[in-house]
Amino acid sequence: NIALDTQVMGIDEAMATGAMALFEERYGDQVRLVQIPGLSKELCGGTHTGRTGDIGYFKIVSESSVAAGVRRLEALTGEAAVEAAQALEAEMGKAAAALKVSRPELAERAARLLATLKEREREVETLKGRLAGASSRDLMSEAVEAAGVKVLAVKVEVDNPKALRDLADTVRDKLGSGVAVLGAESGGKALLLA
């Protein structure tokens with residue numbers, strides 16, 4: 001509960017004390033120098049309490065970069081900080097209830113769910129690859145021979161460019177020597193691979 005030392009003085013005199021002037025604020029000829037003895041000394045035009053303890057509960061709500069080596073912290077104090085912490089607690093309670101775990105287990109459960117989701121996504125991609133492989137066998141029946149060269153030009157059903165590339169690799173392996181052109185639609189765009 002340190003008492004603040006606040007003085008009004010000329011800007012040059014204030015800067016000579018080693019005070020910080022942040023965020024490129026425009027200061028007049030007379031400035032307010034606010035000092036927490038032994039901790040900080042800044043030029044400030046805002047309002048302040050008489051003692052550090054008057055601030056009460058202090059909750060940082062965001063942090064950002066202002067300049068090289070300078071961070072801006074935004075915080076709530078007093079009743080607003082308590083309300084923000086209570087709202088955060090309520091959200092954590094909802095998340096814990098949705099995941100059917102206690103609050104201390106919430107982060108671990110979320111991490112496990114993300115790992116499971118990634119594993120399932122890999123499985124889906126593997127199954128799509130297998131389906132594409134099976135479909136490539138059917139596609140080979142559509143290959144024709146032109147001037148002694150096998151030619152396959154077909155529209156295929158794939159979800160994304162990677163799936164088209166994977167299917168093309170399978171077709172290339174089955175076709176051996178020849179020309180293959182695969183076309184597909186993905187998200188309203190045409191995909192072509194030769």
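This tour moves through the model one selection at a time, saying at each stop what is there.

Before selecting anything, note that this is a predicted model, in which local features need pLDDT of at least 70 and side-chain atom pairs count only at pLDDT 80 or more, while totals for chains, interfaces and linings use all residues. Residues are numbered from 1 along each chain as its sequence is written, and side-chain values use heavy atoms, with hydrogens and water left out.

Begin with residues 5-10 and 30-36, which are strands β1 and β2, running antiparallel and joined by six bridges; strands here are DSSP runs of E with at least two residues, helices are runs of H or I with at least four residues, and both are numbered from the N terminus. Two strands are taken to pair if DSSP finds at least two bridges between them. Within this pair, Q7 stands opposite L33 of β2.

Now pick out Q35, which belongs to strand β2. Q35 has a relative accessible area of 18% and therefore counts as buried, since buried means under 20% relative accessible area, exposed means over 50% and partly exposed lies in between, using a 1.4 Å probe and protein chains only. Not counting residues up to four places away in sequence, Q35 touches L4, D5, S40 and K41, where contact means heavy atoms within 4.5 Å.

Next select residues 58-67 and 70-77, strands β4 and β5, which run antiparallel and are joined by eight bridges. E63 has L73 in β5 as its bridge partner, and in the hairpin, with two residues between the strands, G69 takes a positive phi near 80°.

Continue to residues 78-98, helix α2, whose 21 residues should span 30 Å at 1.5 Å a residue, in agreement with the 31 Å between its end C-alpha atoms; the expected span is 1.5 Å times one less than the number of residues. Colour A81, A85, G93 and A96, the buried residues of α2, and look down the helix axis: these buried residues fall within an arc of 120°, so they line one face of the helix. The arc is that of the directions from the helix axis to the C-beta atoms. On the face turned away from the buried side, α2 carries the exposed residues E79, K94, A97 and A98, and just after the helix K100 takes a positive phi of about 55°.

**Helix α4 and its ends**

Select residues 161-175, helix α4, whose 15 residues should span 21 Å at 1.5 Å a residue, which agrees with the 20 Å separating its end C-alpha atoms. The buried residues of α4 include A163, L164, L167, A168, V171 and L175. Seen down the axis, the buried residues of α4 fall within an arc of 135°, so they line one face.

At the N-terminal end, N160 caps α4, with a side-chain oxygen 3.1 Å from the backbone nitrogen of K162. After α4 comes G176, whose phi is positive, near 75°.

**The nonpolar cores**

Show the largest nonpolar core, which has 15 residues, those with the most contacts inside it being L139, V156, V158, L164, L167, V171 and L182. A nonpolar core is a set of buried Ala, Val, Leu, Ile, Met, Phe, Trp, Tyr and Cys residues joined through side-chain atoms within 4.5 Å. The elements giving two or more residues to this core are β7 (149-155), α4 and β8, and α4 gives the most, with six residues.

Centre on L182, which, leaving aside neighbours within four places in sequence, is in contact with V154, V156, L164, L167, A168, V171, L191, L192 and L193. A second, separate core of six residues includes M9, A19, L33 and L43.

Select S186 in strand β8, residues 179-186. S186 is buried, at a relative accessible area of 15%, and touches D159, N160 and L191, not counting residues up to four places away in sequence.

Finish at L131 in helix α3, residues 106-140, which counts as exposed at 61% relative accessibility. The C-alpha atoms of L131 and L167 are separated by 9.3 Å, although these residues are 36 residues apart along the chain.

Technical notes:
A polar contact is a pair of N or O atoms within 3.5 Å; within protein, one must be able to donate a hydrogen and the other to accept it, and residues adjacent in sequence count only if both atoms are side-chain atoms.
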